[in-house]
Amino acid sequence: MIPIDDTPLCRDGKLLILAYDHGLEHGPVDFEDVPESADPERTFEAATHPAVTSVAVQKGIAEAYYPSYEGDVDLLAKLNGTSNLWMGEPDSAVNCSVEYAAELGASSVGFTLYGGSNHEIEMAEEFRTAQEAAREHGLPVVMWSYPRGQGLKNDTKPSTIAYAARQALELGADVAKVKHPGSRSAMEDAVRMAGKTKVVMSGGSKRSDRAFLESVKQTIDAGGKGLAVGRNVWQRENPERILDALEQVIFEEASVEEALAA
Ligand code: FBP
């Protein structure tokens, strides 16, 4: 395991990863409500907020936009990803090598694993290659640990999320990005199962400020180390405002009320 507290991925041992790979994963539909959000510059600008520890993007976005922000923004290169046009069992193409991620200037890498998919075996083998290469380069590994597939009807069931967190530990991820399992106690179980792997909550679709911040607060109170979030930041008209509130809840131990009032 890499001691990641002293890497740019963390601030005071916690993380706020701004995810922006949705143009690939979901397609242009995610940009419809706030058309300016289709411009990657807008998310890179948001990522200069002091609350953001890294921005997570695919290779193409990293190549085109990161050079203008190097030094101001920390880069997490997502190594795999698949479009929503794919209709098969959950799977994710490896689009970028660890070597190339390092060349692009990434200080960490991200990898999606769909535990429970009919493609889990191949994905776990691809993860092994990436994880071992990341170790050689000294790059922390964040696993998007998303159990899903034809055998899994509910991908946020507490036992499924605890398993997702454990899978990340067992396979050598430094950080497990998991969906919120619905309660603080279920998140505590996931954190316990993850052991020394840090657990961060996945943002999910856009919600009210209060509902979103409450789930983040629950994660922090449960021992989670932060958040990897996309839509709940850049689908807002004013990403900076919610980042101010997230900074309070994640790094300043503020209550949701305090964060909303600030
Ligand atoms: P959100 O905060 O918008 O949910 O982003 C997190 C993320 O994992 C993205 O990195 C990824 O593109 C997307 O969610 C995947 O979402 P889904 O669960 O629909 O596949």
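**A tour from loop to ligand**

Start by selecting the loop between helix H10 (239–251) and helix H11 (256–261), where Glu253 sits. The model is predicted, so treat every value on this tour as computed from predicted coordinates. Color Glu253 and check its backbone: phi is near 55°, a positive value in a residue other than glycine. Glu253 is exposed, because 11 other C-beta atoms lie within 10 Å and the cut-off for exposed is 12 or fewer.

Next, go to Asp12, in the segment before strand S1 (15–19). Asp12 is not a glycine either, yet its phi is positive, about 50°. With 12 C-beta neighbours inside 10 Å, Asp12 also counts as exposed.

The largest nonpolar core holds 78 residues. Select Leu18, Val55, Val109, Ala165 and Ala190, which have the most contacts inside this core. Keep Val109 and display its partners. Neighbours within four places in sequence aside, Val109 is in contact with Leu76, Ala77, Leu79, Val98, Ala101, Ala130, Ala134, Leu139 and Val141.

Finish at the ligand. Which residues come nearest to the ligand? Of the 13 around it, they are Ala19, Glu25, Gly203, Gly230 and Arg231. To see where parts of the shell come from, select helix H1 (22–25), strand S10 (226–229) and helix H9 (231–234); each supplies at least two residues. Coloring the shell by class gives four nonpolar, six polar and three charged residues.

How values were computed. Residues numbered from 1 in each chain as written. Predicted model: local features only at pLDDT ≥ 70, side-chain atom pairs only at ≥ 80, totals over all residues. Core = buried A, V, L, I, M, F, W, Y, C linked by C-beta atoms within 7 Å. Buried ≥ 20, exposed ≤ 12 C-beta atoms within 10 Å, placed from the backbone. Contact = placed C-beta atoms within 7 Å. Helix = DSSP H or I, 4+ residues; strand = E, 2+ residues; numbered from the N terminus. Near = placed C-beta within 6 Å. Nonpolar A, V, L, I, M, F, W, Y, C, P; charged D, E, K, R; others polar.
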